[in-house]
Amino acid sequence: MHKKSLILKQEDLQHIWHPCTQMSDYEKLPLIPIEKGKGVYLYDFDGNAYIDSISSWWVNLFGHCNPYIGKKLKQQVDTLEHVILTSFTHEPIVKLSSRLVAISPKGLNRVFYADNGSSAIEVALKMSYQYHKNKNQDKKFFLALENSYHGETMGALSVSDVGLYKETFEAILLKSIFTPVPKDASIKAALIAAKELEKILHVRADEIAAFVLEPLVQCAGGMHMYHSMYLQKARELCDAYGVHLIADEIAVGFGRTGKMFACEHAGISPDFMTLSKGLTGGYLPMSVVLTTDTVYDAFYCDYSEQKAFLHSHSYTGNPLACSVANATLDIFEKQNILEKNQRKIRYIAKKMKRFTTLANVANIRQTGMIIALDILGFKPEERIGLQVFTYALQKGVFLRPLGNTLYFMPPFVITYKQIDKMLDVAFEALQNL
Ligand SMILES: Cc1ncc(COP(=O)(O)O)c(C=O)c1O
């Protein structure tokens with residue numbers, strides 16, 4: 001093993017507390033220092049290449065060390081690295097904001113900046129709450145879908161429903177209301193869940209500021225997929241009952257579902273849309289909350305009326321992050337990515353048919369460039385995902401199952417040959433269990 005790799009591993013464990021990890025796991029499953037990345041590949045110090053089939057936590061769209069994004073970032077580094085976003089503005093953010101508005105569902109004309117997905121959720125919840133307060137309405141609750149995940153800060157966790165992350169903190173979180181998610185991707189399931197939603201709104205709409213959901217795919221909730229009909233119904237019901245609809249497109253936005261934004265599948269516009277991850281192509285942390293003029297106007301008045309939205313982060317609207325976001329949008333536009341992905345989506349669907357021959361696989365599903373399946377026959381405590389991870393890594397593919405769910409969310413630059421390799425290795429890993 002390369003000497004540098006050994007040193008990094010040892011020094012890392014002296015100080016670094018890794019996210020979402022039981023640190024003692026690293027005794028059995030050592031860390032892998034990564035030296036560099038290029039395209040879909042991550043390289044360790046021994047020259048092993050791994051296909052990043054989960055886009056490094058769903059952020060990377062156009063490959064690691066993308067030359068075009070890198071060039072734009074370098075230009076910005078020499079121009080303006082950061083400036084406070086009160087009293088000042090700058091070209092990258094002005095440009096980016098109008099571009100985001102132009103590609104977002106109709107009516108989302110206002111853009112508020114934060115610096116990670118969870119913070120965007122905090123912003124959307126606070127804005128919705130304060131909107132009602134500014135209108136003299138006392139709406140203290142948020143409604144969310146069962147099995148949802150919106151991040152791990154306190155507000156975001158309060159509207160999440162993945163026990164693993166939430167249970168420990170339950171006692172100190174906001175008390176939210178949960179409504180069933182459609183149990184599968186059928187229209188029937190969407191309509192049944194919509195009925196349950198209506199029952200809750202019928203009784204409690206006066207107390208509910210907003211209904212927050214992940215459109216079409218609950219990613220951290222095991223890549224659970226549901227029909228766009230549910231979004232249409234949710235929009236209608238929220239309108240009818242005077243409740244905001246927050247579409248959390250942090251994971252599914254920027255082409256993951258086959259369209260730029262998942263809401264487009266249903267032809268709806270939410271009152272708030274949260275974006276992060278792919279927003280910067282996987283380069284820098286940034287998030288945005290898009291909202292309507294109606295929401296914006298409810299905060300717009302003389303300072304003395306105290307209706308301003310007093311929320312900020314030090315790095316709000318960072319010019320470097322804005323410049324890579326602009327570069328990301330350039331690539332979407334110039335390279336016709338969404339159209340090109342359609343062929344890849346069909347190709348993957350065809351290749352996934354082979355997985356139906358495996359007895360230990362069920363519920364193979366796909367929404368655009370998000371593909372998942374469930375591994376049968378193992379209890380959660382058996383941590384079967386680790387076996388899949390270890391096998392695939394030896395074969396040059398980085399897979400990171402969520403419990404018993406194996407999924408693929410590769411960068412869009414993945415080639416057909418690399419898709420073959422990613423799926424072949426996953427198939428073998430499952431065959432060998
Ligand atoms: C749908 C959704 N919302 C919010 C978040 C939180 O984003 P972040 O990890 O940047 O805080 C995530 C992260 O995976 C997510 O998938």
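Predicted model: local features only at pLDDT ≥ 70, side-chain atom pairs only at ≥ 80, totals over all residues.

Trainee: Fine. How many helices and strands does the protein have?

Mentor: There are 15 helices and 16 strands.

Trainee: And what box do the C-alpha atoms fill?

Mentor: Roughly 65 × 55 × 45 Å, taken along the principal axes.

Trainee: What does the radius of gyration say?

Mentor: The radius of gyration is 22 Å. A compact globule with 433 residues would come out near 22 Å, so the protein agrees with that expectation.

Trainee: Next topic. Which domains does the assignment give?

Mentor: The domain assignment lists domain 1 as 32-65 + 336-431, and domain 2 as 70-334. Domain 1 is therefore written as two stretches of the chain, because domain bounds are taken as the assignment gives them.

Trainee: How far apart are the C-alpha centres of the two domains?

Mentor: The centres of domain 1 and domain 2 are 27 Å apart. Domain 1 puts 25 residues into the contact, and domain 2 puts in 24 residues.

Trainee: Which elements of domain 1 give two or more residues to that side?

Mentor: Helix H3 (55-58), helix H13 (337-352) and the strands S13, S14 and S16. H13 has the largest share on that side, with 5 residues.

Trainee: What classes of residue are on the side of domain 1 that touches domain 2?

Mentor: That side has 15 nonpolar, 9 polar and 1 charged residues.

Trainee: You mentioned S13, S14 and S16. In what order do they form a sheet?

Mentor: The order is S13-S14-S16, in an open sheet of 3 strands with antiparallel pairing. Strand S13 (361-367) and strand S16 (405-408) are the edge strands, and each of them pairs on one side only. From one strand to the next, the twist averages 15°.

Trainee: How many bridges join S14 to S16?

Mentor: Strand S14, residues 370-375, is joined to S16 by 4 bridges, and the two run antiparallel. As an example to find on screen, Ala372 has Tyr407 in S16 as its bridge partner.

Trainee: What holds strands together in general?

Mentor: Strands of a sheet pair through backbone hydrogen bonds, in a parallel or an antiparallel way.

Trainee: What is the order in the sheet with S1?

Mentor: That open sheet has 4 strands in the order S1-S2-S3-S15, and its pairing is mixed. Strand S1 (34-38) and strand S15 (397-398) are at the edges with a single partner strand each, so one side of each has no neighbour in the sheet.

Trainee: How do S1 and S2 pair?

Mentor: S1 pairs with strand S2, residues 41-44, in the antiparallel sense over 4 bridges. Ile34 has Asp44 in S2 as its bridge partner, and Lys38 has Tyr41. The two strands form a hairpin with 2 residues between them, and Gly39 in the turn has a positive phi of about 60°.

Trainee: And what joins S2 to S3?

Mentor: S2 and strand S3, residues 49-52, run antiparallel and are joined by 3 bridges. Here Tyr41 has Ile51 in S3 as its bridge partner. S2 and S3 also form a hairpin, with 4 residues between them, and Gly47 in that turn has a positive phi of about 85°.

Methods
Residues numbered from 1 in each chain as written. Pairing = 2+ DSSP bridges. Axes fitted to C-alpha atoms, helices over the stretch in contact; angles between N-to-C directions. Contact = placed C-beta atoms within 7 Å. Nonpolar A, V, L, I, M, F, W, Y, C, P; charged D, E, K, R; others polar. Rg over C-alpha atoms; globule rule 2.2 N^0.38 Å.
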